[in-house]
Every structure is written in C-alpha cells, then in structure tokens.
Amino acid sequence: MVHRLTGKKAIGLKQTIKCIKSGQGKTVYIACDADEKLIQQVKSLAEEHTVEIKYVDTMKELGRLCGIDVGASAALILND
C-alpha cells in the first residue's frame, strides 16, 4: 500500500481536470466515495489522454496520501 504520493501533484477536481487537459498528468487517483457525477469528467479525460487511473477507498485517505488534512476526491501525479 502507498503511504504517500510522491512527486509534483495536482490535488482536487478543478486542478486535476486543468492539468489533464493540458497534458501534464501520468497517474490520476480517484476516491471511491467521491460523488460519481463530479468525478465522471476526470475519468473521461483520463481515458481520452491515456492517463492511468487508480482508486483509493475514501476521500479522507486520498487527502492523507497527498499530505493534506482534508479529503480530496481526485489527485493527479504530474509528468516529470
């Protein structure tokens, strides 16, 4: 199990979407308990831009993996 996401990242829906659209991402992490309507666009863009999708059980856990004290519905690991 991953204990912390390393490297440069975009955290949150808006930043994740923005970075995927500009071709900056390589792996997107999506919280399984996030609202499906909200994360659908992230999933579609990730598939369209061939970005790997990984799932995390909860928003709280994803936030902790990103090093923040609040939950996050999506996070993107940026290209080097």
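Me: A nonpolar core is a set of buried Ala, Val, Leu, Ile, Met, Phe, Trp, Tyr and Cys residues joined through side-chain atoms within 4.5 Å. Which residues of the largest nonpolar core touch the most other members?

Reply: This is a predicted model, in which local features need pLDDT of at least 70, side-chain atom pairs count only at pLDDT 80 or more, and totals for chains, interfaces and linings use all residues. Residues are numbered from 1 along each chain as its sequence is written, and side-chain values use heavy atoms, with hydrogens and water left out. The largest nonpolar core holds 26 residues, of which Leu5, Ile20, Val28, Val42, Leu62 and Leu76 touch the most other members. Two or more residues are given to this core by each of helix H1 (13-21), E2, H2, helix H3 (59-66) and E4. E4 provides the largest share, five residues.

Me: What makes a stretch of the chain a helix or a strand?

Reply: Helices (H or I, at least four residues) and strands (E, at least two) are DSSP runs, numbered from the N terminus. By this rule the chain has three helices and four strands, and along the sequence they follow the pattern β-α-β-α-β-α-β.

Me: How do you know that the chain is as compact as a globular protein of its length?

Reply: The radius of gyration is taken over C-alpha atoms, and the globule rule is 2.2 Å times the number of residues to the power 0.38. For 80 residues the rule gives 12 Å, and the chain has 11 Å, which is close to it; therefore the chain is as compact as a globular protein of that length.

Me: Why is Thr27 called buried?

Reply: Buried means under 20% relative accessible area, exposed over 50%, and partly exposed in between (1.4 Å probe, protein chains only). Thr27 has a relative accessible area of 10%, so Thr27 is buried. Thr27 belongs to strand E2 (residues 25-31), in which six of the seven residues are buried. Over the 80 residues of the chain, 42% count as buried.

Me: Why is Thr50 called exposed?

Reply: The relative accessible area of Thr50 is 72%, which is over 50%, so Thr50 is exposed. Thr50 lies in the loop between H2 and E3. Although Thr50 is not a glycine, its phi is positive, about 50°.

Me: What makes E2 a paired strand?

Reply: Two strands pair if DSSP finds at least two bridges between them. E2 and strand E4 (residues 74-78) have five bridges in the antiparallel sense, and E2 and strand E3 (residues 52-56) have five in the parallel sense. Both pairings therefore meet the requirement of at least two bridges. Thr27 stands opposite Ile77 in E4 and opposite Glu52 in E3.

Me: Why is the link between the side chains of Thr27 and Glu52 called a polar contact?

Reply: A polar contact is a pair of N or O atoms within 3.5 Å; within protein, one must be able to donate a hydrogen and the other to accept it, and residues adjacent in sequence count only if both atoms are side-chain atoms. The side chains of Thr27 and Glu52 are 3.4 Å apart at this pair, so the distance lies within the limit.

Me: Why is the unit of E2, helix H2 (residues 36-48) and E3 called right-handed?

Reply: A crossover is right-handed if, with the strands pointing away from the viewer, the path from the first strand over the helix to the second runs clockwise. E2, H2 and E3 make a β-α-β unit of this right-handed kind.

Me: Which residues does Thr16 contact, leaving aside its neighbours within four places in sequence?

Reply: Contact means heavy atoms within 4.5 Å. By that test, Thr16 is in contact with Ala10, Ile11, Val28, Val42, Ala74, Ala75 and Leu76. Thr16 is found in helix H1, and its relative accessible area is 0%, so Thr16 is buried. Val42, one of its partners, also touches Leu13, Ile17, Ile20 and Ile30, among others.

Me: Which residues of H3 are buried?

Reply: In H3, Glu61, Leu62, Gly63, Leu65 and Cys66 are buried. The buried residues of H3 pack against strand E1 (9-11), E2, E3 and E4.
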